[in-house]
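Trainee: I'd like to learn how to read a model like this one, feature by feature. Can we go through it together?

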Amino acid sequence: MKIPIDKPVLVTSALPYVNGECHIGHLRTYVPADIYVRMLRKMGYNVRFISGSDTHGTPIVLSAEAQGITPEKVVEKYHEHFKQVFKTLKVDFDYYGQTDSESNHVRTDKIVNKLIEKDYVYKKVVKQAYCNTCGRFLPDRYVEGKCLHCGAIARGDECDQGCGKHLEPSEIIEPKCKICGNDAVFKEQEQFFFALSTFAEFLSSYLDKLGGTLNARNYAREWVKKELLDWCITRNLEWGVKFPGSEDLVVYVWVDAPIGYISFTEELLKGNGDWKKYWKDDEAAIVHFIGTDIIYHHCIFWPAMLKGAEYSLPDAVVASGMVKINGEKFSKSRGNVIWTTEFLERFHPDTLRYYLVAQSSHTKELDFSWDSYSMRVNNELVGVLGNLVHRVLTFARKNYAVVPEGDIEKEVFATIETRRAEVVNAVEEYEFKKLVDAVMALADFGNRFFHREEPWHLIKQGEEGRARAGLVIKNALQLLKAVCILLEPVMPEKMEEMWHQIGMESDVHSVKLDELMVPIESGQALGKPKMLFKRIET
RNA sequence: AGCGGGGUAGGGUAGUUAGGAGAUCCCGUCGGGCUCAUAACCCGGAGACCGGUGGUUCGAAUCCACCCUCCGCUACCA
């Protein structure tokens, strides 16, 4: 999606649910979002980048009980953990909030009230599992029993091990509480529903215009084509945002979580009303980065809610594929998981950022393996990129110490221009693999250029040869400069290092794409070549 | 069961939206080169009936039909 250059952009990244540590699956969303933002800024856009911790819901309450602490404590612990991870990984949010903030309570209350006022919310009595031992109502996933149809063990609202039929919760026989293992009973209970079904037509035309990745639209369309069911938006919990006018109900976590996008914008722009440009007046482009697992919530539920409460709608939803490990699904219980902090204790964050986008295209599933990771690092980062920087700099330092005299060849500028166009194109398509492939092709060209021109021979051929070798070096340095600018969004730390090695003094993070065509200055002192990437020995 | 996404050389992967020359790239493999460089880098070769069958077309990996096969999803789970 091409956004007009003068339009402000709000990029959001899905809210991590803070009841556990960050694993590399999470990063498939945050890292590309950060790359996207950095690249948009290089292209000249005015961008705000926000996210925050999703703090409510039953799992956090249970987690707190299990640890004998308050939900606040659980939230605080993992909230800080995620902030730290993002800092280390250079996922650089303008604002990272959390959904239990005062402003999110207020904003949620306003939105829900608006929905009530406009008659999109109604009361209904439902049968719900209740555990006498725990003394609480049980969400579907915490109820287990036998399937009405085939007698197999059924969980929640589905007979997942037997006939696969969808079950009404009350159709489960001999329900048990999964938390304590004791018998549960079904009780009648008054809940509130959001009339999602009335938005079917709106959603259908909305999805036709929605930007972002195809997987998000297609998946959402399927739901709209089928029958949309109204959504129960209240829960019997203490922890959460109180449902207006009720003492014992909170809103369902998927109501107040996305509203966080709005309240974080408010918090970022502190009270001056500027948030309305983004969420009320349609003056900005809103781009959501999410994982494919929450497409439903972002492409169906969320737009309907915004529409109902009269807010601006997202312009694009970018959904990344899930991460697998060695061909297997992520599973904390089976230990098939890679924790981000453990990974970062051993390897540089930039190599992980690179791998996550280089390994597979954004919407497809990414199968992590240590083999493919070390192969990419060794062959591409060390062999192609690191080696190019090192060979050019070593040669240049030894023979010139500064950037030599000479003009940039047409061929070099033309190649840079071609790759720049590919990169911009990739950004607009949300294809981050194409982005790194294009830049690496530029580095590849650098190696071929350097080899073809043989400066190590030229340098031995008198004054004229020395001048020609200098020209080659200057051109090679120009290519390095270009690679550096284009790859900074992917590997911000390493490219900053490289930037200084080639003698640049400006801030590579804020340098714009226009700099690509500015010749590197002759006479500029070159830094000491230091290996950018280390080989991974396997 | 329905729906969604895949099946392309030994492994991985691009290309399929808008059908066109010898089907991309990486690893591995074989041969050669270079020696500035982190045993890196450069050049060349071998290796694919693009899951199957049938169809549309001057022309299909790309479009259509049917089939085989793998994976995921089906609402409160990144």
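Trainee: Leaving aside its neighbours within four places in sequence, which residues is leucine 487 in contact with?

Mentor: A contact means heavy atoms within 4.5 Å. With neighbours within four places in sequence set aside, leucine 487 is in contact with Leu385, Val436, Val439, Met440 and Met495. Before we go on, keep in mind that this is a predicted model, where local features need pLDDT of at least 70, side-chain atom pairs count only at pLDDT 80 or more, and totals for chains, interfaces and linings use all residues. Residues are numbered from 1 along each chain as its sequence is written, chains are lettered from A and ligands numbered from 1 in the order in which they are written, and side-chain values use heavy atoms, with hydrogens and water left out.

Trainee: Okay, the overall picture then. How many helices and strands does chain A come to?

Mentor: Helices (H or I, at least four residues) and strands (E, at least two) are DSSP runs, numbered from the N terminus. Chain A comes to 17 helices and 18 strands, and its C-alpha trace spans about 95 × 50 × 40 Å along the principal axes.

Trainee: What share of the 538 residues of chain A counts as buried?

Mentor: Buried means under 20% relative accessible area, exposed over 50%, and partly exposed in between (1.4 Å probe, protein chains only). Of the 538 residues of chain A, 57% count as buried. As for contacts in chain A with a separation of 6 or more, 76% of them come from residues 24 or more positions apart.

Trainee: Which residues touch the most other members of the largest nonpolar core?

Mentor: A nonpolar core is a set of buried Ala, Val, Leu, Ile, Met, Phe, Trp, Tyr and Cys residues joined through side-chain atoms within 4.5 Å. The largest one has 120 residues, and Tyr36, Leu385, Leu435, Leu477 and Leu487 touch the most other members. Helix H16 (residues 462–487) gives the most to this core, with 13 residues. Domain bounds here come from an automatic or database domain assignment. Domain 1 (9–118 + 199–230 + 254–345) and domain 3 (374–517) both give residues to this core, so the core lies between them. There's also a second, separate core of 59 residues, which includes Phe243, Ile262, Phe264 and Ile286.

Trainee: Now helix packing. At what angle do H11 and H14 pack?

Mentor: Two packed helices are described by the angle between their axes and the distance between the axes. Axes are lines fitted to C-alpha atoms, for helices over the stretch in contact, and angles run from 0 to 180 degrees between N-to-C directions. Helix H11 (residues 349–358) and helix H14 (residues 432–453) pack at about 115°, with their axes 7 Å apart. Angles under 35 degrees count as roughly parallel, over 145 as roughly antiparallel, 65 to 115 as roughly perpendicular and the rest as oblique. H11 and H14 are therefore roughly perpendicular.

Trainee: Which residues meet there?

Mentor: From H11 it's Tyr354, Val357 and Ala358, and from H14 it's Phe432, Lys433, Val436 and Met440. They divide into six nonpolar, no polar and one charged. In this scheme Ala, Val, Leu, Ile, Met, Phe, Trp, Tyr, Cys and Pro count as nonpolar, Asp, Glu, Lys and Arg as charged, and the others, Gly among them, as polar.

Trainee: How do the axes of H13 and H16 cross?

Mentor: The axes of helix H13 (residues 410–429) and H16 come within 10 Å and cross at roughly 10°. That makes H13 roughly parallel to H16. Val412, Phe413, Ile416 and Val423 in H13 meet Asn475, Gln478, Leu479, Ala482 and Leu486 in H16, a contact of seven nonpolar, two polar and no charged residues.

Trainee: Is valine 389 buried or exposed?

Mentor: Valine 389 sits in helix H12 (residues 370–399) and counts as buried, at 2% relative accessibility. Its contacts beyond four places in sequence are Leu480, Met498, Gln501 and Leu532. Valine 389 and leucine 532 are 143 residues apart in sequence and 8.3 Å apart in space, C-alpha to C-alpha.

Trainee: And is aspartate 282 buried or exposed?

Mentor: Aspartate 282 counts as exposed, at 52% relative accessibility. Its place is the loop between helix H8 (275–279) and strand S14 (285–291).

Trainee: Last one: what is phi of alanine 401 near?

Mentor: Most residues other than glycine have a negative phi. Alanine 401 has a positive one, near 70°, and lies in the loop between H12 and H13. Glutamate 454 also has a positive phi, of about 45°, in the loop between H14 and helix H15 (455–458).
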